[in-house]
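Me: I am new to this structure and would like to understand the words used for it. Could you walk me through them?

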2 protein chains.
Amino acid sequence: MQTNAVPICDIEGKLTDNDLVFRMNVPSLRSQKCVDCPIRHRAVCARCDEDEFLLLEDMKYYRSYEAGQPILWRGDEMPNVASLVRGVASISQTMEDGRRQMVGLLLPSDFIGRPGRERAPFDVTAVTDVTLCCFKRRPFETLVDESPNVSKRLLEMTLDELDSARDWMLLLGRKTARERIATFIRMVAQRSQLPEEEDSPNIFELPLTREAMADYLGLTLETVSRQISALKRENIICLHGKRGIEVLSQTRLAAEAGEDAFID
Amino acid sequence: MQTNAVPICDIEGKLTDNDLVFRMNVPSLRSQKCVDCPIRHRAVCARCDEDEFLLLEDMKYYRSYEAGQPILWRGDEMPNVASLVRGVASISQTMEDGRRQMVGLLLPSDFIGRPGRERAPFDVTAVTDVTLCCFKRRPFETLVDESPNVSKRLLEMTLDELDSARDWMLLLGRKTARERIATFIRMVAQRSQLPEEEDSPNIFELPLTREAMADYLGLTLETVSRQISALKRENIICLHGKRGIEVLSQTRLAAEAGEDAFID
DNA sequence: CGCTTCATTGACGACGTTCAAGACATGTGG
DNA sequence: CCACATGTCTTGAACGTCGTCAATGAAGCG
């Protein structure tokens with residue numbers, strides 16, 4: 001897996017809940033100013049200078065969606081592009097008979113839409129409550145044309161996403177159900193890591209329902225459930241409620257994931 | 001599927017071979033001059049002006065590989081980036097136990113490598129005989145930084161590849177063996193289409209062995225072979241040698257592929 | 001001619017899907 | 001407080017697709 005980890009989101013308030021630390025609580029936006037923006041250092045605007053931020057602040061507006069709501073349908077006109085500020089969203093495709101495959105998971109700082117494309121090629125759906133920082137596509141395209149700070153960052157982000165997509169293709173094409181689940185749990189753990197932590201946390205929450213995990217992993221929800229139960233039975237993980245996961249052995253979980261050594 | 005069709009390559013000479021028209025013969029490079037380059041209008045340099053071509057001609061050199069040869073190993077240093085000028089190459093990942101998944105198929109005009117990345121994240125292998133137009137990474141990075149014509153084209157190409165990768169994820173995650181084969185045959189047909197043709201040709205050659213197809217489609221070579229035989233038995237296609245395919249019913253093949261309506 | 005490479009075909013079994021029932025938690029109204 | 005409905009998750013049993021292992025066939029080459 002590529003290791004462009006982004007904490008799925010910052011934690012807010014105290015960290016006690018029956019001795020469990022559940023992450024992925026969503027911080028509220030405290031300001032509309034780019035300077036205070038929680039994703040400022042990672043988003044498409046990461047390398048903007050002050051003048052560019054002025055332009056952006058002028059053309060941007062926030063928009064929120066509740067968990068489960070569609071953000072875009074495939075084929076929709078896309079008058080806007082956007083940065084995901086808060087929450088988790090999915091990019092997915094559905095076949096006529098209803099089979100569905102998630103083809104991307106959007107986390108804070110990820111970019112939605114593309115300059116030069118009028119219609120959405122995929123469905124985008126809010127998985128949790130979501131806030132977007134939207135820009136009208138036309139003026140944004142002009143900005144991309146004129147600001148290397150934006151276009152270079154966008155290229156970099158797109159290349160990273162392409163690498164991640166290719167890693168996921170290995171999982172979808174070749175990994176067993178067990179390996180897919182283990183890989184996914186490790187990925188979520190890694191992305192739940194806070195900046196001040198040294199390692200992935202042992203306790204965290206899954207951001208997806210079993211059904212959404214199945215869509216992401218190319219499995220059925222029954223298989224997902226069975227494999228999670230199996231990992232629990234073998235004392236590799238332990239469950240806290242429906243979504244809470246505690247990893248009892250990182251080593252064994254890594255082995256189950258069948259992962260290659262990393263490179264960088 | 002996205003429809004950024006590139007003919008896998010131009011045809012050379014006469015078109016008779018027992019009444020079959022086999023495409024994918026590879027034209028030889030007739031010149032080292034960018035103006036005469038067969039991929040000039042589609043590659044990363046598609047929008048370069050004369051000055052930029054002068055710079056490129058100065059830093060470029062051609063390099064060829066025979067079918068089967070490795071071009072890059074995962075983890076290798078990448079002193080160069082390159083455009084694929086002639087032939088077909090694959091991007092693939094291999095797990096420790098040997099399971100392999102092709103995660104991209106590189107055709108003429110496709111770009112290899114990325115600015116700002118020192119090591120190859122995946123294996124790249126010549127599928128047929130291949131010729132690359134190579135550029136030293138450092139000077140190329142400078143060119144990308146300074147020429148919007150190059151960086152914008154590169155962004156566009158990368159976004160297209162990301163869309164294709166996501167289409168492929170649907171195939172790997174959800175399609176049956178039969179659907180994968182039918183989808184693949186249709187894709188090859190479409191890419192074999194010459195500029196002057198109105199539709200995909202009915203007769204063409206598969207650019208991959210059964211094993212390579214299996215790697216690409218997330219199947220075993222036996223399953224690939226069985227499904228091709230089944231399509232033959234049902235008179236949907238007909239075989240001419242090992243690689244030659246004749247589509248007897250586009251309609252039925254499309255139905256077998258389980259494809260959504262296109263959007264654009 | 002044997003050797004190699006690539007493709008086809010068969011028999012069998014494993015893994016994951018499908019269908020179905022039940023558990024558990026939460027919320028609503030009587 | 002209970003009865004009941006709803007959404008999410010778990011578990012079981014039967015089935016089917018595709019992978020594995022193995023034998024055979026076809027084409028190209030020294």
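This is a predicted model: local features need pLDDT of at least 70, side-chain atom pairs count only at pLDDT 80 or more; totals for chains, interfaces and linings use all residues.

Me: Which helix gives the most to the surface near DNA strand C?

Reply: That is helix 6 of chain B, with six residues. At least two residues each come from helix 6 (221-233) of chain A and from helix 5 (210-217) and helix 6 (221-233) of chain B. Sorted by class, this surface has five nonpolar, six polar and six charged residues.

Me: And how many residues lie around DNA strand D, and which come nearest?

Reply: There are 18 around DNA strand D, with A:Thr209, A:Ser225, A:Ser229, B:Thr176 and B:Thr223 coming nearest. Here helix 6 of chain A has the largest share, six residues. Helix 5 (210-217) and helix 6 of chain A, along with helix 4 (177-192) and helix 6 of chain B, each supply at least two. The surface near DNA strand D divides into five nonpolar, six polar and seven charged residues.

Me: What makes residues of chain B and chain A count as being in contact, and how many are in contact on each side?

Reply: The test is that two C-beta atoms, placed from the backbone, lie within 7 Å. By this test 36 residues of chain B are in contact with 36 residues of chain A. On the chain B side, strand 5 (100-106) and helix 3 (148-174) are the elements that give two or more residues. Helix 3 of chain B gives the most, with 18 residues. By class, that side of chain B has 14 nonpolar, 10 polar and 12 charged residues.

Me: Why is helix 4 of chain B called roughly perpendicular to helix 6 of chain B?

Reply: Their axes come within 10 Å and cross at roughly 75°. Angles of 65 to 115 degrees count as roughly perpendicular, so helix 4 of chain B is roughly perpendicular to helix 6 of chain B.

Me: Which residues make that contact?

Reply: Helix 4 of chain B brings B:Ala177, B:Arg178 and B:Ile181, while helix 6 of chain B brings B:Thr223, B:Val224, B:Gln227, B:Ile228 and B:Leu231. By class, the contact between these helices has five nonpolar, two polar and one charged residues.

Note on methods. Residues are numbered from 1 along each chain as its sequence is written. Chains are lettered from A and ligands numbered from 1 in the order in which they are written. Helices (H or I, at least four residues) and strands (E, at least two) are DSSP runs, numbered from the N terminus. Ala, Val, Leu, Ile, Met, Phe, Trp, Tyr, Cys and Pro count as nonpolar, Asp, Glu, Lys and Arg as charged, and the others, Gly among them, as polar. A residue is near a molecule or strand if its C-beta atom, placed from the backbone, lies within 6 Å of it. Axes are lines fitted to C-alpha atoms, for helices over the stretch in contact, and angles run from 0 to 180 degrees between N-to-C directions. Angles under 35 degrees count as roughly parallel, over 145 as roughly antiparallel, 65 to 115 as roughly perpendicular and the rest as oblique.
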